[in-house]
Amino acid sequence: MSNRDDVWTQIDADSPYTDDARALVVLATIARELSDSARALVAANGRPEPTLVREAARVVANAERLLAASVVTCRAAGNSWKDIGDSLGVTKQTAQGRFTSAVEQWEDALAKPEAIDESGRRYSRLPHGAVFTAAVAAELDGWAVRHREAHQFVPRDNPNSPLSAGLRRMGPFEEQLDISSRRRRLLEDHIFPAAQLAPLYDREAVLHERLADAGVDPAANRAAADKARARAEECREHLAKTYPPLTIDTPSGPRIAATWEASVGKYRCPVCPALNGTTAAAIKHAETGHELPVPPGL
């Protein structure tokens, strides 16, 4: 960020994608699946009829998913139900009744992107493209270029990035509002969701520091950055007390079995890259014969 006049709209390389950009990548992923499944039917000569029916049903199912994803994307971008109804040739009430569930499911997953299954493992409630947006968009860019037809429009500025080049990222002001909203929703549902709050406070600190560096109320923004970092540290201290290192007894004395990895909500083996979602799984993994370090103080 270099200019105080445009600091609130300045986009950085680590600025997160907007919700509508993430939804667009999800839509593009489904479009690719639809295209692949439809192309399989082009060379249908000699196939048994039940196979044709099954593959045609897959095309229809992907088309329904694509339609729902397009509505989700339009709603995320601020389009009204009337706009969507007009595009479908139906009333806004009909469009809303048909697609509200898909939109609400998307919005709920954005608000609470992680969940814990019955075994205690964390998992993402969002589609892959909404989590790893940049990587999936780059993959889809390559797919689109490989399957480009001669008559298709080719963007002059970014011919090899037809999807990713147009994805919008949040500016500092929009991102601060997003962080505040996410933090509020987390605190409404949990007593103290330290693992989820810590990275939000870290990112908030970065934004305040950038604003200060750009000359926007430097004293206030540096104080806000310090406060956010202190809160992030409080979250990590809470996690360290809540999830102390797991240990096992061995003939040579106690050994560390696993340490809590707050960023992924799992126990990490100190010897290999393994991650385990439960205490029992982490202990069992450690008992397979790793040479484990002695924890401090034991």
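I took helices (H or I, at least four residues) and strands (E, at least two) as DSSP runs, numbered from the N terminus; two strands pair if DSSP finds at least two bridges between them.

This is a predicted model, where local features need pLDDT of at least 70, side-chain atom pairs count only at pLDDT 80 or more, and totals for chains, interfaces and linings use all residues. Residues are numbered from 1 along each chain as its sequence is written, and side-chain values use heavy atoms, with hydrogens and water left out.

Next I followed the sheet along. Three bridges join β4 to β5, which run antiparallel, and E261 stands opposite K266 in β5. I then found β5 (residues 266–268) paired with β6 in the antiparallel sense over two bridges, with R268 opposite L275 in β6.

What is the strand order in the open sheet? I read it as β3-β4-β5-β6, with antiparallel pairing. The edge strands are β3 (246–250) and β6 (275–276), each pairing on one side only. Helix α10 (residues 279–286) packs on the sheet and touches β3, β4 (253–261), β5 and β6; contact means heavy atoms within 4.5 Å.

Last, I checked α8 (residues 194–213) against α9 (residues 218–242): they pack at about 160°, axes 8 Å apart. Axes are lines fitted to C-alpha atoms, for helices over the stretch in contact, and angles run from 0 to 180 degrees between N-to-C directions.
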